[in-house]
Amino acid sequence: MGPDPIDRRGFLALSGGALLCTIAGQEVATDEGQIDVEGLSRQVKVPPKVTAAEWRGEDAGARRLAALPSGGTTREYWIAAEPVQWDIVPTHRDQMMAQKVKGRSKFGAYGYRPYSAGFKSPLGKATVPGPLIEAEVGDTIVVHFRNKLQAPVTMHPHGIFYANEMDGAYKGKWTDPGGFVQRNRTFTYVWEAQEGTEGSWLYHDHGPMDPLPVFKGLFGPLVIRKRGEARPDAEFFLAFHTFDPSITGLQGTFYCVNGKAYAGNTPTLEARVGQRVGFHVYGIDNFFHTFHLHGHRWSEPDGRIVDNKTFGPADSFSFELVEDNPGRWFYHCHVFQHLHQGMNGWYLVS
Amino acid sequence: MGPDPIDRRGFLALSGGALLCTIAGQEVATDEGQIDVEGLSRQVKVPPKVTAAEWRGEDAGARRLAALPSGGTTREYWIAAEPVQWDIVPTHRDQMMAQKVKGRSKFGAYGYRPYSAGFKSPLGKATVPGPLIEAEVGDTIVVHFRNKLQAPVTMHPHGIFYANEMDGAYKGKWTDPGGFVQRNRTFTYVWEAQEGTEGSWLYHDHGPMDPLPVFKGLFGPLVIRKRGEARPDAEFFLAFHTFDPSITGLQGTFYCVNGKAYAGNTPTLEARVGQRVGFHVYGIDNFFHTFHLHGHRWSEPDGRIVDNKTFGPADSFSFELVEDNPGRWFYHCHVFQHLHQGMNGWYLVS
Amino acid sequence: MGPDPIDRRGFLALSGGALLCTIAGQEVATDEGQIDVEGLSRQVKVPPKVTAAEWRGEDAGARRLAALPSGGTTREYWIAAEPVQWDIVPTHRDQMMAQKVKGRSKFGAYGYRPYSAGFKSPLGKATVPGPLIEAEVGDTIVVHFRNKLQAPVTMHPHGIFYANEMDGAYKGKWTDPGGFVQRNRTFTYVWEAQEGTEGSWLYHDHGPMDPLPVFKGLFGPLVIRKRGEARPDAEFFLAFHTFDPSITGLQGTFYCVNGKAYAGNTPTLEARVGQRVGFHVYGIDNFFHTFHLHGHRWSEPDGRIVDNKTFGPADSFSFELVEDNPGRWFYHCHVFQHLHQGMNGWYLVS
């Protein structure tokens, strides 16, 4: 990055590189080569309320929990943000077009990783997207979040109710401790699944390095069900997003579902005829997508029947169908360019 | 295309050319000059089930028809995919801006063409979009599809029910005969307008050359009406799509409605005050559009009143209004760049 | 601009400059440097009906008013289009990322400006967006529109009913006087808030220089309420749009809300717990956006609960919520690139 951001901005306009963000006065763009998130993060100042809370040993989560009316179930999660070696196209094959996907596809991603109580032991690997967080209306979700990355990151939820300091968002000089969780620190988020928050949502980093940690994989699904609602027999959570060369250091942009690209690498969904099948679809990149499912269609809440639906960054939607059509089907983004750069997968019905 | 797709991919990133697809290991991009679809197609292997079915003389359509419960009406279509010389701006005028549209606008498109029973005689020219396919709930649609192009293509329907092998989609090594219809071969698609499939839909190629044949014009409208439902007095089917230089060999991208660009070339719709007027709008390119109609508005199924609506690739929507406002009106995409590159037309109400 | 538009179009494809429009045969693109709208406008011919009406001294507004059934309330506005020096980032700070926004941010915009009856005195400055126009169902809106710019411009409304000649749209040789209001001329628009037009809408220029005057700031909000409907306790009208270097002569694209970029410059919304709060959101550029509000969510008309919503150019939507969550919140476009180039702001709840 040049010494003069103004000239740099002019250069960006000329070169076609898209500006991703400006961090600590440095313009970060898609034509940079791989971005050094950790290096950049060392130039970001710790906000005053973060320093003060640490100095006083305040626990905002405990305080918030104490303030809640007693009653509902508390669902407790232990989740860490960690680096993870991630292979976007492990088979190096595109089953849709029956051809090889050439080139390297592994890079240093960020993932959320679930742990057992007290961070005793991991319950699996760090993944893209992170683990499912779920609740029913009336529950309180407590997430003990530990940052094992070299850069400050957070967890910001969509849809659910949360008090201001549980927002998980960097807000410059107004940033609360939950909006700037430093390396090796733990913050306890308390989120409340109040009446009127039911739905399928995302959580994701919204810290001072935004959007770079999200683009490296720090997002995951959050579902709030109605009280006592039966779960579908099969249920799929599908995040549509991209891995850009500036994030991966790889060649070309990968259009992904759940961190993977090309059928045979993306999730292969399975269901049986007669089952009640639930789909939850999310977008979490700079692009707009459409979700299309072959051989099936569903009713929207307004009564329209669709088999293809537009959604944008941080949108989420759900639908259910009763499975009636056996076979090997595609699900895919119907933006042809995205489809052909990996945003497709199999849905197998037996 | 260079010998090394990895370097080529890097080059694409530098040059700003968008990757359209990868076919037989060849990366095909928007900055290629006109793409040789037929030449590329000769490098694609015929899938094993396609070869086997041909060798055994199997007729999947006849088998599917025999398996259906008898009862509903069968609506039979004979449709061929054919090359067609297509003029995007036949008047060479843009009536919206009252100016000349300079440069050539004719190219070798692909179109679906309707024939009489048994392909005896054409019922018109091959067009972009193809002929309207329509049914009522309960009907079975049978499409005898003949490929008169030099490249394998298909017909893939949206919305309607179809068994797995009637999908019309290339699926690599799992491809059924209907997903890879070779030159001069005929395949019979059987699609079922079951309860819950009513709506306005698209059909389009989804074969091994995808998305190139779609981008050359292989798409059309499919409507499934409720049983006995009265048709509107006037009804319009409008596909919003683009012709890219890589497809046409022409200069600049044309933003089209039904294969034409600029008012006076795009469909001029006509209706009279008092008529019930139906609009069916589709997107079938890489872009998101909004549909705007001057001097009018309509009710969405959720009760909202709108005069402008976002839709994406393979989305479709319909609305009706009772005409109450005479005059010369525009319909157009409200993405200003698309509007000014041709995506507009007249709606004349007398 | 080169002498040969065809070669120019080829050049545009190579350089990555997006074509904005073609005016009087001149291709106008985003890589031009600042566009000389006034200079271009001198090459546009006055349409015949405009000249004829002027010659005969016809007043289409008076004629339209006389033709209306008497009864409803008439709401009269005096609005001029004027040049205005506009600062997109007056604080030169981005409060979201706690950093300086470097470079110049002031340019010569266009704005709609409200006047008292008879254009006696301005009721404020010309602003981006223009003044709120409001009515209840049954009302007639009369806008006396004066053009104080050097280029012909208009006012075109969305949603509301208007007769053909009140469209405010340039239509080439069919252009009515209201579609081509020349410098220092006044045109009286008559628009009718008939039953079925209630909602939140935009008005904007749709004259012969389209889309340049819109991109320079000529748009504003129009709301039609149900008869006797109580207004929310707090109400916000937020237009999402961009200022491009070709429009501003500045470096880089500014992603704006109501003409400003970056929290602390964009509108800082304020409400109190317990208040009924109404949001009206619009898009008016070439891009698709999503509107996200931290710490809150709302019900869509179809019953879905959302906190993030996709909208496109000229789309508009509204929602209400009862405020229950104090604190300092963000509203923003969730397209990360737009968010980080300024499309964010504060919502302060006490």
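**Salt bridges, a charged patch and chain symmetry**

In this predicted model, Glu54(A) and Arg185(A) join their side chains in a salt bridge, with N and O 2.2 Å apart. Glu54(A) sits in helix H3 of chain A, and Arg185(A) sits in the loop between strand E9 (156–157) and strand E10 (186–192), so the pair ties together parts 131 residues apart in sequence. A salt bridge here is a side-chain nitrogen of Lys or Arg within 4 Å of a carboxyl oxygen of Asp or Glu. Helices (H or I, at least four residues) and strands (E, at least two) are DSSP runs, numbered from the N terminus. Side chains of opposite charge can pair when their charged atoms come close.

Glu54(A) is partly exposed, at 41% relative accessibility. Arg185(A) is also partly exposed, at 34%. Buried means under 20% relative accessible area, exposed means over 50%, and partly exposed lies in between (1.4 Å probe, protein chains only).

The model is predicted: local features need pLDDT of at least 70, side-chain atom pairs count only at pLDDT 80 or more, and totals for chains, interfaces and linings use all residues. Residues are numbered from 1 along each chain as its sequence is written, chains are lettered from A and ligands numbered from 1 in the order in which they are written, and side-chain values use heavy atoms, without hydrogens and water.

Over all chains, the structure holds 54 salt bridges. One of them is in chain C, where the side chains of Arg75(C) and Asp139(C) meet at 2.5 Å, N to O. This pair links distant parts of the chain, 64 residues apart: Arg75(C) is in strand E3 (residues 74–87), and Asp139(C) is in the loop between strand E7 (133–136) and strand E8 (140–147). Arg75(C) is partly exposed, at 27% relative accessibility. Asp139(C) is buried, at 1%.

Lys148(C) forms a salt bridge with Glu82(C), and their closest N and O atoms are 3.7 Å apart. Again the pair links distant parts of the chain, 66 residues apart: Lys148(C) is in the loop between E8 and strand E9 (156–157), and Glu82(C) is in strand E3. Lys148(C) is partly exposed, at 31% relative accessibility. Glu82(C) is buried, with a relative accessible area of 7%. In chain A, Arg56(A), Glu58(A), Arg63(A) and Glu165(A) are joined into one network by salt bridges that share partners.

Another buried residue of chain C is Glu323(C), at 2% relative accessibility. Its place is in the loop between strand E21 (316–322) and strand E22 (327–333). The C-alpha atoms of Glu323(C) and Val277(C) are separated by 6.7 Å, and the two residues are 46 apart along the chain.

On the surface, Lys45(A), Lys173(A), Arg93(C), Lys100(C) and Lys102(C) gather in a patch of positive charge. Such a patch is made of residues with over 30% relative accessible area and no salt bridge, with like charges joined within 9 Å. Lys45(A) lies in the loop between helix H2 (37–41) and helix H3 (48–56) of chain A. Lys45(A) is exposed, with a relative accessible area of 72%.

The chains are related by rotation. Chain C is superposed on chain B by a rotation of 120° with 0.0 Å of shift along its axis (RMSD 0.0 Å). That is the relation of a three-fold axis. Copies are superposed by least squares on the C-alpha atoms of residues with pLDDT of at least 70 in both. Of the residues of chain C, Asp302(C) comes closest to the rotation axis, at 2.9 Å (C-alpha). Chain A is laid on chain B by a turn of 120° and a shift of 0.0 Å along the axis, with an RMSD of 0.0 Å. In chain A, the residue closest to the rotation axis is Asp302(A), at 2.9 Å (C-alpha).

Conventions. Patch = residues over 30% accessible without salt bridge, like charges linked within 9 Å, V, L, I, M, F, W, Y side chains within 5 Å. Areas by Shrake-Rupley, 256 points an atom, 1.4 Å probe, with all protein chains shown as cover. Lys, Arg positive; Asp, Glu negative; His and termini not counted. Charge placed at Lys NZ, Arg CZ, Asp CG, Glu CD.
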